[in-house]
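Here are my notes on this model. Please read them with the structure open.

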Amino acid sequence: LVLFLFFPRISPLWTMPFKTQTAVSGLSDSMTPGDISRLSKSSERAFRVSFTGSLPAKHTLYWRGLVLDQFDGKTWRAGGQTNVSRRRSSKIDLGRFFESSDESYEVMLEPSNQKWAFALETSDALSSNLVARDMGRFELKSEAIQPTHYKMKWTRSPTELVGLVTALPTQVSLRNKARESGLEWRDLQLPQKGNPKTRALVESLRHGRSDQELVSTLMQMYRDQAFFYTLNPDPLGDDFVDDFLFATKRGFCAHYAGSLAYMLRLAGIPARVIVGYQGGEFNSSGAYLIVRQLDAHAWVEAKLPGEGWVRLDPTAMVAPERILEGLENSLTANELNDTSFASPVYRFKALSWIRLRFDQLGYQWQKWVVNYSQYKQYSLVSSLLGEYSLVRIGVGLVAALLLVSATVIYWQWKRRVHHLQSAEKSYLRCLFVMRMFGYQRSPGETPRTFLQRIEGDAPKWLVKYTRRRTNGLEQHYSSR
């Protein structure tokens with residue numbers, strides 16, 4: 001354990017990643033109605049998060065991941081998105097964290113075979129294994145083929161501390177979400193035909209209304225009309241948006257986000273669908289957040305005059321409890337029986353308590369053993385020894401090994417003498433004193449023979465002391 005913690009860790013000259021061929025549950029770079037509904041029934045972990053400060057309110061936890069900006073009438077996909085940073089690395093970067101006086105959080109991402117990193121709004125990278133991408137996205141330098149650790153700094157937005165989920169139009173101002181120059185047309189791309197009813201609706205609503213007024217009208221439509229939030233929506237035809245808005249009115253976040261982004265583009269307002277996760281389960285014993293696949297969510301980002309890019313979540317207008325309290329509080333009893341929440345480990349508090357404790361053990365093992373990197377050793381040694389230097393590591397390592405060795409020797413000696421009688425212990429102490437004066441009892445030599453050998457050489461007081469202990473030992477054995 002001492003060697004593992006303190007022996008200098010040397011990074012490999014190179015590393016070669018091996019991808020598994022096993023399918024990994026998680027988000028994809030396309031969204032067809034029903035995809036996120038499928039993920040919402042999975043209790044697999046997506047990532048864990050620990051915050052330096054207090055935990056943010058659940059309705060502010062929008063874990064932004066992928067930008068879907070191409071729509072073919074039914075499926076939203078991630079189109080050609082350019083990179084702000086083109087740095088490349090020849091080996092895997094396990095993540096070296098940078099210091100900051102701002103609040104921060106650390107994410108332990110589960111293996112996904114993807115480069116996607118998830119972050120809150122107003123976040124910036126504090127980890128060497130992250131790179132900034134177009135439209136405010138973050139990506140890992142290499143695929144997450146193993147549990148991957150990264151760190152972000154962030155600032156709490158005052159607007160997000162207010163309960164905007166039930167207000168109109170539930171918008172939150174964003175920063176750094178613009179595209180590179182010359183690509184803005186991608187946020188207005190639409191198929192030339194399809195969904196005639198929706199086209200007519202947007203044309204009629206658009207007349208005489210500003211962009212902000214139109215957004216407010218559309219969001220209020222989701223709230224006031226008979227839309228219903230469900231994991232089991234009715235099947236939709238080729239005109240997906242028409243069927244959803246004018247016929248079924250039943251859907252999941254993918255339906256609401258996809259239809260709103262489509263209508264905004266019809267009105268000439270740049271818009272795109274964002275997929276990621278929303279919320280999470282707080283593990284109070286470990287003080288960290290567990291975000292699972294069932295927390296997968298989709299929402300909309302739109303560009304409004306004078307305001308820039310804003311976040312809009314039509315799901316919050318239909319089922320605000322999904323955002324405020326989590327998925328389990330927004331489903332009917334029948335739908336709950338079809339999800340992970342039907343499991344006894346979620347329904348019963350005692351089993352849930354055990355589940356969270358086991359998750360905490362797994363998290364600490366992953367964080368401090370599996371992901372114990374050169375950087376983490378640097379931070380640990382610096383905090384204990386004041387600075388990271390080979391001299392101090394060497395001194396600390398020797399001191400730790402001596403302390404461990406002394407402890408083991410003392411424990412073994414206590415085990416050995418614990419069962420001895422008083423006369424035996426007294427004679428062993430006598431032999432220790434004799435050794436200090438240069439008189440060593442030979443192997444196989446009886447106590448009486450040893451006494452006779454030293455009588456003509458050792459000081460009288462030492463001979464007398466040894467004779468008394470020898471007589472006491474012989475009397476002890478004779479009495480047995």
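1. Helix 4, buried residues. I start here. D211, L214, V215, L218, M219, M221 and Y222 are the buried residues of helix 4. Viewed down the helix axis, these residues fall within an arc of 145°, so they line one face of helix 4. The general rule is that an α-helix has 3.6 residues a turn, so residues three or four places apart point the same way. Keep in mind that this is a predicted model.

2. Helix 4, length and cover. Helix 4 covers residues 211-224, which is 14 residues. From first C-alpha to last it reaches 20 Å, close to the 20 Å expected at 1.5 Å a residue. What packs over its buried residues? The cover includes helix 3 (196-206), helix 5 (240-248), helix 6 (253-266) and helix 7 (315-318). Strand 17 (296-304) and strand 18 (308-312) are also among the covering elements.

3. Three strands form it: 3 strands in the order 1-5-4, with antiparallel pairing. Which strands stand at the edges? They are strand 1 (30-31) and strand 4 (70-71). Each has a single partner strand, so one side of each is left without a neighbour in the sheet. Strand 4 pairs with strand 5 (residues 76-77) over 2 bridges, in the antiparallel sense. Across that pair, F71 stands opposite W76 in strand 5.

4. E121. Is this residue buried or exposed? E121 has a relative accessible area of 12%. The cut-off for buried is under 20%, so E121 counts as buried. E121 lies in the loop between strand 6 (104-109) and strand 7 (123-125). The side chain of E121 reaches the backbone nitrogen of R175 at 3.0 Å. Check this contact in the viewer.

5. The chain as a whole. The secondary structure comes to 16 helices and 18 strands. Of the 480 residues, 46% are buried. The chain exposes about 24,500 Å². Carbon and sulfur atoms supply 56% of that area. Among contacts with a separation of 6 or more, 73% involve residues 24 or more positions apart.

Methods:
Residues are numbered from 1 along each chain as its sequence is written. This is a predicted model: local features need pLDDT of at least 70, side-chain atom pairs count only at pLDDT 80 or more; totals for chains, interfaces and linings use all residues. Side-chain values use heavy atoms; hydrogens and water are left out. Helices (H or I, at least four residues) and strands (E, at least two) are DSSP runs, numbered from the N terminus. Buried means under 20% relative accessible area, exposed over 50%, partly exposed in between (1.4 Å probe, protein chains only). A polar contact is a pair of N or O atoms within 3.5 Å; within protein, one must be able to donate a hydrogen and the other to accept it, and residues adjacent in sequence count only if both atoms are side-chain atoms. Contact means heavy atoms within 4.5 Å. Accessible areas come from the Shrake-Rupley method with a 1.4 Å probe; for residues, only the protein chains shown count as cover. Two strands pair if DSSP finds at least two bridges between them. The expected span of a helix is 1.5 Å times one less than its number of residues. The arc is that of the directions from the helix axis to the C-beta atoms.
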